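Subject: Structure for you to look at

Hello,

Here is the structure I promised to pass on. Please open it first, and then read my notes below with the model in view.

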Amino acid sequence: MSDKIHFVTVGSQKGDENRVHIFVNGKILDSESPVIKVFDRGMVFGDGLYDVIKFQDGNFIFLDDHIERMKKSANFFGIKFPYNLEKIFEIGLELATMNGLKEGELYLQLTRGVDVIRDHIFDDDYEPTFVEIVQPVRKMNPEIWQVGAKVLLHPDLRHQFCEHKTTDLLPNILAKKYARSKGAYEALMFREDERGKYVTEGASSSYIFFDGKKIIAPKIENILPGITRIKVLGLAKEMGIEVEERRVYLDELLKMKEIILLSTLSRVLPIVEVENFKFKKGEIASKLGIAFKDLLSSHLEVK
Ligand code: PDD
């Protein structure tokens, strides 16, 4: 591997389609350059946080909400947060321009910096590692929003820090890989209490349910407070739809009229199959999908 920094525009050379400019601790570099040190605590311990933000027409959608969430988590774990919203926006825009992207996903990663040797105990005097990447949006068949998606049940095998976007995603990636290997779009993860098994979230998404009268959203108890979830529940309330936040048990799923998956990249996605049980793509998913699209457009206008 050459260590010479070689700038390219996305897709300008054969085999370079996925190569982008990235930002690491104050420098703009080629994504292929070896910039992360082997003793970076993100690398050896998963001691870090991340977030994913949609980039569209010169704007990073709900960037303020995403940064607010990330800052809260950094504070919770005692990780220094080195940049403010304006700086992150500015860097993101520069990367998008350099990478020739009008649409993309912004990936932010913050770790507790680099150790001299691998050691669980961290020094309080450290410089965090902050990475910003704007890459093309991962491809999704646009038909999926029309026809709906299938999901598969999977136990939620994660830790107690799921209200934060930590980089240690091993259980998430295994759950998602399991779903994809069986032809489904996403996993629908569950935990168990004395009443039975209840839904938590997807490997990288939130779920909400419509029982025919109201929307029921799994309570935020060791699951991520998804930005899309917050926005969509707000829209539902504005439309006069009652919203209840509580545990949703697997034995209630068959009574649900609609199941909807939410995330920054999947937006408002109707679920039409859980295991082999079929659900309708209903009116609520359509209405919320349209309202969310309108909210995104208005967000773009007021940038
Ligand atoms: N994932 N739950 C989990 C576990 C997630 O990883 C995500 C997002 C969500 C939805 O959150 P939001 O609406 O803020 O995107 C819920 C991102 C997209 C990812 O990991 O790529």
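Predicted model: local features only at pLDDT ≥ 70, side-chain atom pairs only at ≥ 80, totals over all residues.

Let me start where the two domains meet: six residue pairs are in polar contact across the interface of domain 1 and domain 2, both partners having pLDDT 80 or more. On the domain 1 side, β3 (48-56), β4 (59-60), α2 and β5 (103-111) each supply at least two of the residues that touch domain 2. Of these elements, β3 gives the most, with eight residues.

The contact draws on 24 residues from domain 1 and 20 residues from domain 2. Between them the two domains bury about 2,000 Å², and 67% of that is on carbon and sulfur atoms. Which residues of domain 1 lose the most area to domain 2? They are Tyr 50, Phe 62 and Arg 69, which together account for 36% of what that side buries. For salt bridges, the rule finds one across this interface.

Arg 69 deserves a look of its own. This residue is found in helix α2 (residues 63-77), and with a relative accessible area of 12% it is buried. The side chain of Arg 69 makes a polar contact of 3.0 Å with that of Asp 51. Setting aside neighbours within four places in sequence, Arg 69 is in contact with Asp 51, Lys 165, Leu 224, Pro 225, Gly 226 and Ile 227.

Just after α6, Gly 240 takes a positive phi of about 85°. Lys 231 and Asp 65 also have side chains that meet in a salt bridge, at 3.2 Å from N to O.

The side chains of Glu 245 and Arg 229 meet at 2.9 Å, N to O. Glu 245 lies in strand β12 (residues 242-245) and Arg 229 in helix α6, so this pair ties together parts that are 16 residues apart in sequence.

Asp 156 forms one with Arg 191, with the closest N and O atoms 3.2 Å apart. Since Asp 156 sits in the loop between β7 (149-155) and α5 (170-181) while Arg 191 is in strand β8 (residues 186-193), the pair ties together parts that are 35 residues apart in sequence. Asp 156 counts as buried at 10% relative accessibility, and Arg 191 counts as buried at 14%.

The other is between the side chains of Glu 252 and Arg 246, at 2.9 Å from N to O. Here Glu 252 is buried, with a relative accessible area of 12%, and Arg 246 is partly exposed, with 23%. Salt bridges with shared partners join Asp 211, Lys 214, Glu 244, Arg 246 and Glu 252 into one network.

One last stop is His 154, in strand β7. At 13% relative accessibility, His 154 counts as buried. What is His 154 in contact with, leaving aside its neighbours within four places in sequence? Its partners are Ala 175, Tyr 178, Ala 187, Leu 188, Met 189 and Phe 190.

Conventions. Residues numbered from 1 in each chain as written. Heavy atoms only, no water. Helix = DSSP H or I, 4+ residues; strand = E, 2+ residues; numbered from the N terminus. Buried < 20%, exposed > 50% of the residue type's maximum accessible area, 1.4 Å probe, protein only. Polar contact = N/O pair within 3.5 Å; in protein donor to acceptor, adjacent residues only side chain to side chain. Contact = heavy atoms within 4.5 Å. Buried area = accessible area lost by both parts, 1.4 Å probe. Salt bridge = Lys/Arg side-chain N within 4 Å of Asp/Glu carboxyl O.
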